[in-house]
Each structure stands twice: as C-alpha cells, then as structure tokens.
Amino acid sequence: MKFIGIIPARYASSRFPGKPLADICGKTMIERVYIQASKELDKVYVATDDSRIADAVAAFGGKAVMTSTEHRSGTDRCYEAYRNIGTDADVVINIQGDEPFIDPSQIAALKRCFVDESTELATLVRRFDPSRGFDALFDPNTPKVVIDDNMHALYFSRSIIPYVRNHEWKEWPDKATFYTHVGMYAYRIETLSKITSLPQSSLELAESLEQLRWLQNGLKIKVGITDCPTIGIDTPADLEEAIKLCRTINNGL
C-alpha cells in the first residue's frame, strides 16, 4: 500500500496570519512539520493557497502544490492537492500544519490502521491523563471521542463523553477512560473523493467538527491510539510556548 503525506497550510488566519511561516528556533513552523513527516513518509507535500508558503517550502528543499483559496477544510484542500500532484498513492494522510513537534510514530499508527483492508478512513486518539483534572477534560477546544470494541469511532463531541452517572463531575476523570481526538486523518482515495462531495451535516454544524459529517453519512472511522503529546499552535501565545519547548528539548529538530 502506498501512502502520501499532505500538509494543508494557508496563510490567512483570523487569530494568527502567516502562521506557517512563523519562526521556531531558526526554522519555520511548516519546515518543522515537513521534516517530522518525512521521517515516516517517502512522499510529503505542502498544500497551500499562498505563494509565500510555496516559496518557503521550496527554499528548504520541500515540495509544495498550489490549491484554491476557497476550501472550507484541510480535507478539501488535501483532495485538490492529491489530484494536482497526480500521485498513484492508495492513502492520503492529512497532517496538521500547526503541530511542529508531531512524532513520526503517530503517522505510523495511522498507517497501521490500513492493515485492516476494510478501513475507509482513520484518525488518532489519545487517552486523557486524569491528573490534568476536570477543567482540561471539559475544554470544548479538546474534542472527546468514544470508540467501539473494533476500534471505530462512535461519536466525537466538544462535550464530555461518556457521561459518568452516579459520580460528581470532578470525579469523572478517575471513574472512566476518556479519549481526546488528535486531528490527523488518513483516507483511502475513493473515500476522500466521497467525503469532499458531501454537504455539511446537522451534527457537524452543531459541534463544528467535520468528522461528524462522515459518521452521519454512515462511514466508519478507524481509530489508532497514540500516547505522544502534541502541541498545536493557534495563537502567537502558543508560538511562544513552542519556542520555549524547542529550546529545552534535543530531539533532532
């Protein structure tokens, strides 16, 4: 089976314009993501709508492909990039462009999901650490996931799922196993084509989670588990924290 990694990266952002080109200890954010992804994948492309990002990728020796400015999601951008590249890959892996410390083992975990030939698309989850407490679990910016016994996602929510009956809410992290979503996806090509043609669903609109559109339309999402922490950068304040982390670790970045 052939895999290709695509990193959607747009320049415009209401909270952090130009984020992919932000400097982290001498390398742009997008370069750091590209380097990490390339440790697990032979083919990696940045899919962008801005020539400044494409030029920056070319400058460090990476591959970029231009895509429309009109896409609503990274999934849509990945599909256009796949078509523009002209690859014969069987599976596209959608890699978040704002997680510069992504671990190659996370990509490997996604790839293993496709050992099951029935897998249509896959994503990652992480066990919630109870020591982080209820407030971290409650955070709506951290989607929660429930999975079935065959490692398929049953539902994603910004609310806490499952509900833990007969216990005070502050006790919940210690009374059940919770999983939080890691926003990385992998899709078989025919599935990627299908989901990009689906209209937004009622559950997706309610929770602002595009994966609910896929579940609502009857698709199954295979789940891999990762224990690796990730750091998403959404704001300049997040960038400062990433720079601090970069200065304190020695991981070949």
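Leu110 is located in helix H4, which comprises residues 104–112; helices (H or I, at least four residues) and strands (E, at least two) are DSSP runs, numbered from the N terminus. The structure is a predicted model, in which local features need pLDDT of at least 70 and side-chain atom pairs count only at pLDDT 80 or more, whereas totals for chains, interfaces and linings use all residues. Residues are numbered from 1 along each chain as its sequence is written, and side-chain values use heavy atoms, with hydrogens and water left out.

Leu110 counts as buried because its relative accessibility is 0% (buried, under 20% relative accessible area; exposed, over 50%; partly exposed in between; 1.4 Å probe, protein chains only). Contacts, defined as heavy atoms within 4.5 Å, link Leu110 to Ile93, Ala122, Thr123, Leu124, Met184, Tyr185 and Ala186, not counting residues up to four places away in sequence. Leu110 and Tyr185 are 75 residues apart in sequence, while their C-alpha atoms are 7.6 Å apart in space.

Helix H10 has 13 residues (236–248) and should span 18 Å at 1.5 Å a residue; its end C-alpha atoms are 19 Å apart, which agrees. The expected span is 1.5 Å times one less than the number of residues. Leu239, Ala242, Ile243 and Cys246 are the buried residues of H10. They cover an arc of only 105° around the axis, and therefore lie on the same side of H10. An α-helix has 3.6 residues a turn, so residues three or four places apart point the same way. Ala237 and Thr248, on the other side of H10, are exposed. The packing partners of the buried H10 residues are strand S2 (23–24) and helix H1 (29–38).

Grid points are joined across faces, edges and corners, and a volume is the space filled by probe spheres set on the points.

The largest pocket has a volume of about 2,000 Å³. It is lined by 50 residues, of which Arg15, Gln96, Asp98, Gly183 and Asp234 are the closest to its centre. Strand S10 gives the most to this lining, with five residues.

One cavity of 30 Å³ or more was counted. The largest cavity has a volume of about 30 Å³ and is lined by Ser73, Thr75, Asp76, Ile195, Thr196, Glu210, Arg213 and Trp214. Helices H3 and H9 are the elements that give two or more residues to this lining.

Terms used
On a 1 Å grid over the protein atoms alone, a cavity is a set of points where a 1.4 Å probe fits but cannot get out, and a pocket is an open set with protein on both sides within 12 Å along at least five of seven lines; lining residues have an atom within 4 Å of a point. The arc is that of the directions from the helix axis to the C-beta atoms.
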